[in-house]
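Let us walk through this structure together, one region at a time. Keep the viewer open as you read.

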Amino acid sequence: MSETLITGLVVFTLASFVGFEVINKIPPTLHTPLMSGSNAISGISLVGALLVSGQGNTNLSVILGLIAVVLATINVVGGFLVTDRMLQMFKKKEVKA
Amino acid sequence: MLQDMNLWLPSGIQLSYLVASALFILGLKKLGSPVSARQGNRLAAVGMLVAIAATLLDQQVLNYGLIAAGIGIGAAIGAVMATRVAMTSMPEMVGLLNGFGGAASSLIAIGEFWRVTHSSGSLPLDAAVTIILSVLIGGITFTGSLLAFVKLRGLITGTPITFPLQQPVNITLVAAFLVGSVYLILHPESVPVLMGMIVLSLLLGLLFVLPIGGADTPVVISLLNSFSGLAASAAGFVLANNMLIISGALVGASGLILTQIMCKAMNRSITNVLFSAFGSGQSATGGAAGDSAMDKTVRSIDAEEGAMMLGYARSVVIVPGYGMAVAQAQHAVRELADQLERLGVDVKYAIHPVAGRMPGHMNVLLAEANVPYPQLHDMDDINPEFERTDVALVIGANDVVNPAARHNQSSPIYGMPILEVDRAQHTIVIKRGMNAGFSGIENELFYKDKTAMLFGSAKEVVGLLVSSVKDL
């Protein structure tokens with residue numbers, strides 16, 4: 001195994017533990033926003049899509065990368081916006097409309 | 001000067017990724033309380049912006065025009081989706097977004113495969129393995145999520161779809177994928193084999209969700225959420241990018257936790273959810289229970305009587321189920337709670353973990369109807385309080401309040417944690433008719449002496465209750 005792969009595995013394992021610790025404390029009330037918010041975070045594949053689509057020469061890679069850019073951006077923008085829309089509805093006291 | 005740039009830029013990008021990862025973790029931490037949650041979401045969004053900006057500075061990135069167009073199109077679609085979606089349709093939206101994330105990861109892996117094989121003609125073992133994994137997870141997430149979306153929309157039946165030899169077919173497909181993987185590692189130039197494996201991964205996604213029933217959608221959505229994270233991580237391994245690996249791992253962990261919670265709330269194991277096609281084989285037991293119910297009687301009351309019980313109670317716990325959301329009755333329910341509070345009644349809401357169609361769904365629907373979140377109580381908090389509750393008002397919930405889960409060992413839902421409404425002094429159940437719930441079984445709660453049934457559509461009945469309570 002190459003060094004990059006091992007580093008990747010280390011990073012993956014440690015990040016998973018952090019994820020379990022942090023997310024276990026989130027109350028059920030907020031589980032739907034957690035899901036849509038984490039959904040937006042998984043749109044981080046946009047970074048990968050940018051790297052693949054940015055390469056100058058090989059054409060098919062670029063096309064596939066660009067489709068991935070569109071899909072991942074939908075994921076990021078849609079995820080963060082809809083989470084914000086939900087969270088602004090959570091209020092401590094009733095607001096008289 | 002230019003040389004300095006070349007020297008500093010790569011570390012600068014990596015450091016920006018570190019900042020972005022830290023912002024993601026902080027954002028998730030702040031999602032732990034309704035007070036700070038909105039700020040947390042914004043922190044995560046800022047982290048995303050940092051990561052994207054840093055990546056665009058990477059000197060590998062050349063096609064700025066095309067990329068700007070891609071981001072523009074994606075952002076427009078995402079923004080429209082986010083502003084238009086109804087809160088009842090959140091599971092569909094999340095399902096669809098999971099699918100897009102999976103597809104993006106798969107495309108990244110295929111694009112990278114193309115680039116590496118065309119520039120060097122060979123594929124190192126590490127690269128081959130990570131690309132194969134990324135294609136597999138991404139493909140399953142994509143078609144699995146699309147099918148979950150179609151099922152949730154009601155475009156095809158929500159009942160489990162099974163066919164003969166389903167398991168052998170699945171196993172054959174997995175075996176074929178493994179054989180393809182080995183071949184591809186040995187002969188990386190074989191594009192047709194890669195194509196075949198992409199098709200296989202897409203098929204596996206469909207076959208994975210096909211036999212899962214409507215009642216189990218919260219589990220499937222959570223699991224696919226986890227997959228979308230793992231897909232991003234896999235793409236990170238393909239590109240040797242730590243940012244992707246970290247974020248993907250966070251999301252993978254989050255989805256897995258939610259999946260566990262949902263399974264526990266339904267007293268089922270994950271393998272049972274995935275492979276048993278729950279709900280398709282229950283008609284026999286359901287029918288038998290129906291027969292024995294014939295000689296039992298239910299006590300039916302009208303709205304006026306219900307309003308008396310509620311209005312003169314000291315404490316009322318409202319138990320909303322998905323039936324309430326389908327009837328769009330949450331605003332009427334809030335109005336009822338307002339009127340009761342005006343009379344000095346203590347009103348709380350009891351939320352079962354699987355009350356909606358995704359984790360936490362019911363809380364969002366009630367928040368939308370302006371119910372203050374301190375009134376929303378989890379199952380574990382509220383169950384000890386039912387004994388001191390005068391009236392439990394069940395609206396459009398069924399299986400999650402069935403006492404059979406506690407003592408009837410032959411019941412399919414035996415052992416499932418329930419909201420113990422039968423321990424309250426009185427229980428009022430608002431229901432359209434005597435139909436069984438998702439699991440297709442009778443609810444003995446309806447036949448208890450302390451239980452009063454209020455038949456009618458949730459919205460209408462609650463509306464009548466509101467006007468009757470006003471007259472008290």
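A residue is called buried when its relative accessible area is under 20%, exposed when over 50%, and partly exposed in between, using a 1.4 Å probe and the protein chains only. Helices (H or I, at least four residues) and strands (E, at least two) are DSSP runs, numbered from the N terminus. What you see is a predicted model, in which local features need pLDDT of at least 70 and side-chain atom pairs count only at pLDDT 80 or more, while totals for chains, interfaces and linings use all residues. Residues are numbered from 1 along each chain as its sequence is written, chains are lettered from A and ligands numbered from 1 in the order in which they are written, and side-chain values use heavy atoms, with hydrogens and water left out.

Start with helix H2 (residues 31-42) of chain A. Twelve of its twelve residues are buried, so H2(A) is largely enclosed by the rest of the structure. The buried residues include A:His31, A:Pro33, A:Met35 and A:Ile41.

Now look at A:His31, which lies in H2 of chain A. At 4% relative accessibility, A:His31 counts as buried. Contact here means heavy atoms within 4.5 Å. Leaving aside neighbours within four places in sequence, A:His31 is in contact with A:Ile26 and, in chain B, with B:Leu258, B:Ile261, B:Pro359 and B:Gly360.

Not counting residues up to four places away in sequence, B:Phe100 touches A:Leu71, A:Ile74 and A:Asn75.

On a 1 Å grid over the protein atoms alone, a cavity is a set of points where a 1.4 Å probe fits but cannot get out; a pocket is an open set with protein on both sides within 12 Å along at least five of seven lines; and lining residues have an atom within 4 Å of a point. Grid points are joined across faces, edges and corners, and a volume is the space filled by probe spheres set on the points. The largest cavity has a volume of about 40 Å³. Among the residues that line this cavity are A:Gly37, A:Ile41, B:Leu28 and B:Asn41. H2(B) provides the largest share of the lining, three residues.

The second largest pocket has a volume of about 640 Å³. Of its 28 lining residues, the closest to its centre are B:Leu136, B:Ile140, B:Val174, B:Leu204 and B:Phe208. H6(B) gives the most to this lining, with ten residues.

Finally, turn to strand E4 (residues 391-395) of chain B, where five of the five residues are buried, so E4(B) is largely enclosed by the rest of the structure. B:Val391, B:Leu393 and B:Ile395 cover one side, with B:Ala392 and B:Val394 on the other. Two strands pair if DSSP finds at least two bridges between them. E4(B) pairs with strand E1 (residues 315-320) of chain B in the parallel sense over five bridges, and five bridges also join E4(B) to strand E5 (residues 426-431) of chain B, again running parallel. B:Ile395 stands opposite B:Pro320, and its bridge partner in E5(B) is B:Ile430.

How values were computed
Expected span 1.5 Å × (residues − 1).
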